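I am opening my notebook on a structure that is new to me.

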Amino acid sequence: MAEPFTYGRKGISARFEDAERELLRGLFRDVVALLEPDERPDEDPLAALIGISPDASEPEDPAVKRLLPNISKDDADASLEFRRLTERSLRETKAGALRAAALGLESRDVVLDATAAAHWATALTDVRLVLAERLGVHTEEDAERIHAVADWSDVGDDDVDAYLALVYNFVTWLQTTLIDAMMAAHRAQAGRAARGGGAPGAGRG
């Protein structure tokens, strides 16, 4: 079973079984696939170079829309213009964090510096958003319903929703332990700085 993220002398670390590493790699890979923009043979290479998507539109997939939401519920034109100017770079940033997190799973023992921890935090957040949309989690009541699914032995081979619920709960737990570890690292660094010892990165020591 996975060991939670904790902060210690080596930095922020966790440990995963092989099956858990493979599960996380698959989740990261699936979300990257959702974020990859459609290839357009007639796309302006200059626009692509500077990160502009002149033909961007609101995503049809609700999960992708949750990853790339409109900036305004009341101004469709402003949301569309903002999407054209920023969506490509946002997709690339999110996909980059997911790929970086996946690379960190080469061994069972995962040790993160501050940059890698930020990548993992982004990756786990985006995985949770996609799973939440697939499971219909939009309210506190929905979340409670999903959190009530807690035993892998109760999940049948064809019970996709229950399986996704357990995966969602696992990712939620993992994200919570990571945020707690990042906060502990921040407090430790602040304490060292206050004592005149500087503020080394989370992965040192």
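Entry 1: I started with Asp159, which counts as partly exposed because its relative accessibility is 33%. I use buried for under 20% relative accessible area, exposed for over 50%, and partly exposed for in between, with a 1.4 Å probe and protein chains only. Asp159 sits in the loop between helix 6 (140–147) and helix 7 (160–194). I then found a negative surface patch made of Asp157, Asp158, Asp159 and Asp161. Patch residues have over 30% relative accessible area and no salt bridge, with like charges joined within 9 Å and nonpolar side chains (Val, Leu, Ile, Met, Phe, Trp, Tyr) within 5 Å. A salt bridge here is a side-chain nitrogen of Lys or Arg within 4 Å of a carboxyl oxygen of Asp or Glu.

**Entry 2: what I am reading.** This is a predicted model, in which local features need pLDDT of at least 70 and side-chain atom pairs pLDDT 80 or more, while totals for chains, interfaces and linings use all residues. Residues are numbered from 1 along each chain as its sequence is written, and side-chain values use heavy atoms, without hydrogens and water.

**Entry 3: the layout.** I noted seven helices and three strands. These are DSSP runs, numbered from the N terminus: helices are H or I with at least four residues, strands are E with at least two. Along the sequence the pattern reads β-β-α-α-α-α-β-α-α-α. Of the 205 residues, 35% are buried.

**Entry 4: aromatic rings.** How many aromatic pairs does the structure hold? I noted five. Rings of Phe, Tyr and Trp (its six-membered ring) pair if their centres lie within 6.5 Å; planes under 30 degrees apart are stacked, over 60 edge-to-face, the rest tilted.

One of the pairs is Phe16 with Trp120, stacked at 6.0 Å centre to centre and 10° between the planes. Phe16 is in the loop between strand 2 (11–15) and helix 1 (18–35), and Trp120 is in helix 5 (residues 114–135), so this pair ties together parts 104 residues apart in sequence. Phe16 is buried at 0% relative accessible area. Trp120 is buried too, at 1%.

Phe28 and Trp120 are edge-to-face, because their planes stand at 85°, with centres 5.6 Å apart. Phe28 belongs to helix 1 and Trp120 to helix 5, so the pair links parts 92 residues apart in sequence. Phe28 is buried, at 1%.

Conventions: Areas by Shrake-Rupley, 256 points an atom, 1.4 Å probe, with all protein chains shown as cover. Lys, Arg positive; Asp, Glu negative; His and termini not counted. Charge placed at Lys NZ, Arg CZ, Asp CG, Glu CD.
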